[in-house]
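I opened the notebook to look through one chain, from single residues up to the whole fold. My entries follow in the order I looked things up.

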Amino acid sequence: LPPPPPTQVVIYCRTADLPLVTKVLPSAVSDLKKIMKAAAGVDLSPSVTINPDRSKDLSPSTHGGVVATANTGRVVLDNTLAQRLDLIYEELLPALRETLFPMGQQ
């Protein structure tokens, strides 16, 4: 297989989280490269940058985390705490319904 094309990734975070994201980003990219090489045999060389436009930082209501975009925003990975809580809520709804409204009991 030919190597994948270089990927431009832009990371968005809250203004308050910018120092932490800046600090951990190089090791996160390095870990990603190692995992992809070990798991899929793929050598990645992504160009990962933090969004330079502070007016586009995530709102405080996201409660932390990051949003990563690639292919000029066509691919979006929302890994904010608010999004993760929304996913957990949706996953737990069936169990909550079963607890509140057990089948067979009327």
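**Entry 1. The cut-offs, then N71.** I wrote down the accessibility classes before using them: buried means under 20% relative accessible area, exposed means over 50%, and partly exposed lies in between. I also noted that this is a predicted model. Then I looked up N71. N71 has a relative accessibility of 38%, so N71 counts as partly exposed. N71 sits in the loop between β3 and β4. I checked the backbone there too. The phi of N71 is positive, about 55°, although N71 is not a glycine. I noted the background: most residues other than glycine have a negative phi.

**Entry 2. H63.** I looked up another positive phi. H63 has a phi near 60°, and H63 is a residue other than glycine. I found H63 in the loop between β2 and β3.

**Entry 3. R74.** I went back to the loop between β3 and β4, where R74 is also found. Is R74 buried or exposed? R74 counts as exposed, because its relative accessibility is 69% and the class begins over 50%. I also took a distance from R74 to D86. The two are 12 residues apart in sequence. In space, their C-alpha atoms are 22 Å apart.

**Entry 4. T69.** I moved into strand β3, where T69 has its place. T69 has 12% relative accessibility and therefore counts as buried. Which residues does T69 touch, not counting those up to four places away in sequence? I listed Q8, V9, V10 and Y12, then V75 and V76. I marked two strand ranges against that list: β1 covers 8-13 and β4 covers 75-80.

**Entry 5. A68.** I stayed in strand β3 for A68. At 16% relative accessibility, A68 counts as buried, because the limit is under 20%. I left aside neighbours within four places in sequence and wrote down the contacts of A68. They are V9, V10 and I11, together with V75, V76 and L77. I also looked up the pair A68 and Y12. They are 56 residues apart in sequence, yet 6.3 Å apart in space, C-alpha to C-alpha.

**Entry 6. S47.** I turned to strand β2, residues 47-50, which holds S47. S47 has 30% relative accessibility, so S47 counts as partly exposed. Where are its contacts, with neighbours within four places in sequence left aside? S47 is in contact with T7, Q8 and V9. I then took the distance from S47 to V29. It is 9.2 Å between C-alpha atoms, across 18 residues of sequence.

**Entry 7. The largest pocket.** I looked for empty space next. Rolling a probe the size of a water molecule over the atoms shows where such space is left. The largest pocket has a volume of about 450 Å³. It is lined by 19 residues, and the closest to its centre are I11, L25, A28, V66 and A68. Which elements give two or more residues to the lining? They are β1 (8-13), α1 (18-40), β3 (65-70) and β4 (75-80). The largest share comes from α1, with seven residues. I sorted the lining by class as well. It has 15 nonpolar residues, three polar and one charged.

**Entry 8. The order of elements.** I stepped back to the whole chain. How many helices and strands does the protein chain have? It has two helices and four strands. Along the sequence, they follow the pattern β-α-β-β-β-α.

**Entry 9. Overall dimensions.** I compared the chain with a compact globule. For 106 residues, such a globule would have a radius of gyration near 13 Å, whereas the protein chain has 19 Å. The C-alpha atoms fill a box of roughly 60 × 40 × 25 Å along the principal axes.

Entry 10. Of the 106 residues, 22% count as buried. T69 is one of the buried residues. The chain exposes about 8,100 Å², and carbon and sulfur atoms supply 63% of it.

How values were computed
Residues are numbered from 1 along each chain as its sequence is written. This is a predicted model: local features need pLDDT of at least 70, side-chain atom pairs count only at pLDDT 80 or more; totals for chains, interfaces and linings use all residues. Side-chain values use heavy atoms; hydrogens and water are left out. On a 1 Å grid over the protein atoms alone, a cavity is a set of points where a 1.4 Å probe fits but cannot get out, and a pocket is an open set with protein on both sides within 12 Å along at least five of seven lines; lining residues have an atom within 4 Å of a point. Grid points are joined across faces, edges and corners, and a volume is the space filled by probe spheres set on the points. Ala, Val, Leu, Ile, Met, Phe, Trp, Tyr, Cys and Pro count as nonpolar, Asp, Glu, Lys and Arg as charged, and the others, Gly among them, as polar. The radius of gyration is taken over C-alpha atoms; the globule rule is 2.2 Å times the number of residues to the power 0.38. Buried means under 20% relative accessible area, exposed over 50%, partly exposed in between (1.4 Å probe, protein chains only). Accessible areas come from the Shrake-Rupley method with a 1.4 Å probe; for residues, only the protein chains shown count as cover. Contact means heavy atoms within 4.5 Å.
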